[in-house]
Amino acid sequence: MSAKIVTMTSGKGGVGKTTAVANIAVALASNGARVCCIDGDIGLRNLDIVMGLENRIVYDIVDVIEGRCRLRQAMIRDKRFPELYLIPAAQTRDKSAVSPSDMVRLGNDLRNEVDWILIDSPAGIERGFRNAIAAADQVLVITNPEVSAVRDADRVIGLLEAEEKGSPSLIINRLNPSMVKNNDMLSAEDVLDLLAVRLIGVVPEDETVVMGTNRGAPIALEEKSMAGQAFRNIALRMQGQEVPFLDLDNKGSLWARIQRMTGRK
Amino acid sequence: MGSLFDRITGRKQSAKSAKERLQLVLIHDRTDMTQVELEALRDDILAVISRHVDIDPGAVRIDVERDGREQRLVADIPLRSVRRRRSG
């Protein structure tokens, strides 16, 4: 079966793209899928350290594209999952080393090797973003419930529509349920109303996420982590399962409303 | 709800401000039209319509409204009735 290529993007930096890619990749791999992550942020390599693979890098994405190594040589195998791989970004080059057509070719070469290809887009809407979405079958836009992140997400969604990449799915990351309860943070429902796209996940603010990146071991498999549960649910939804949204405030009403808005039960 | 402090000082809850401000800014981001340009458009529309029918400029409402990811220019322009215009 040919792999599905999914790109994670946000416009604004620092909303959690890289962490989300690492966690969703681990969740997909734990479901038995073969997954390859690609760090699309050339010059600002980061997915390797979040996944705990920073000491294993020999070749990078630019080496593959420029023919200095074979595809398989640049695919770093994860420590925990034998069918989870990373193609790291080049650290000493810049975004002009790769073109959108290079990414399409790389994506097509990879399609026969794995089931899922997750591309971590750099922040911004320039060359690196264009490269990251060039090969995508599906785009996930990630945002925080915060004015600048929502505004940038809207801009990116508009660009994706103009590129005829189809309507992306939305991840709302770092939602703080108690702030939402006090009406001091945009709710998931507010963000969804503003952006008017399909919701695929709401990830609560959770200190275990930082602890996981500190160790280079994404928390997607930690039973007790709420964020981990949210990332596992996103992976299941990507795989076509209907999974209810987490009841983050133990009230149910808000989440029931979101579920109605998105047609999920 | 909100804190007692907020109610005493009349401060609006911040999430509400965030949503209202975003609603406005997204319309402008999506249409690439500023508030000033919208006012100019509004004046032009009123000038054209006034050449043909009698309208009350104060009762006119012309706004960009959001409908999902689409924006539409919605105009509500009450016409003065002929009878009222003659008697008044």
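Predicted model: local features only at pLDDT ≥ 70, side-chain atom pairs only at ≥ 80, totals over all residues.
**Entry 1: helix 9 of chain A**

I started at helix 9 of chain A and found Ala188(A), Asp190(A), Val191(A), Leu192(A), Leu194(A) and Leu195(A) buried; buried takes 20 or more other C-beta atoms within 10 Å of a residue's own, exposed is 12 or fewer, partly exposed is in between, and the C-beta atoms are placed from the backbone. That makes six of the eight residues of helix 9 of chain A, which is mostly covered. Just past the end of this helix, I noted that Ala196(A) has a positive phi of about 50 degrees.

Residues are numbered from 1 along each chain as its sequence is written, while chains are lettered from A and ligands numbered from 1 in the order in which they are written.

Helices and strands here are DSSP runs numbered from the N terminus (helices are H or I with at least four residues, strands are E with at least two).

**Entry 2: the sheet of chain A**

Next I traced the sheet: it is open, has eight strands in the order 3-4-2-5-1-6-7-8 (chain A), and its pairing is mixed. Strand 3 (76-77) and strand 8 (198-204) of chain A stand at the edges with a single partner strand each, so one side of each has no neighbour in the sheet. For pairing, DSSP must find at least two bridges between two strands. I reminded myself that strands of a sheet pair through backbone hydrogen bonds, either parallel or antiparallel.

Then I looked up strand 1 of chain A, where five of the six residues are buried, so this strand is largely enclosed by the rest of the structure. Strand 1 pairs in the parallel sense with strand 5 of chain A over five bridges, and Thr7(A) has Ile119(A) as its bridge partner there. With strand 6 of chain A, strand 1 is again parallel, over four bridges, and Met8(A) stands opposite Leu140(A).

Strand 2 (residues 35-39) of chain A runs parallel to strand 5 (residues 116-120) of chain A, joined by five bridges. In that pair, I found Cys37(A) opposite Leu118(A).

**Entry 3: helices on the sheet**

Which strands does helix 6 of chain A lie across? I found strand 1 (4-9), strand 5 and strand 6 (138-143) of chain A under helix 6 (residues 127-134), which runs at about 155 degrees to strand 1. Axes are lines fitted to C-alpha atoms, for helices over the stretch in contact, and angles run from 0 to 180 degrees between N-to-C directions.

Helix 5 (residues 100-110) of chain A has an axis that comes within 8 Å of that of helix 6 of chain A, crossing at roughly 30 degrees. The two helices are therefore roughly parallel, since angles under 35 degrees count as such. Where they meet, Pro100(A), Met103(A) and Val104(A) of helix 5 touch Arg130(A), Asn131(A) and Ala134(A) of helix 6; contact means C-beta atoms, placed from the backbone, within 7 Å.

**Entry 4: chain B**

Lastly I turned to chain B, which has four helices and two strands, in the pattern α-α-α-β-β-α along the sequence. Of its 88 residues, 3% count as buried. How many residues of chain B are in contact with chain A? I noted 17, in contact with 13 residues of chain A.

Technical notes
Contact = placed C-beta atoms within 7 Å. Parallel < 35°, antiparallel > 145°, perpendicular 65-115°, else oblique.
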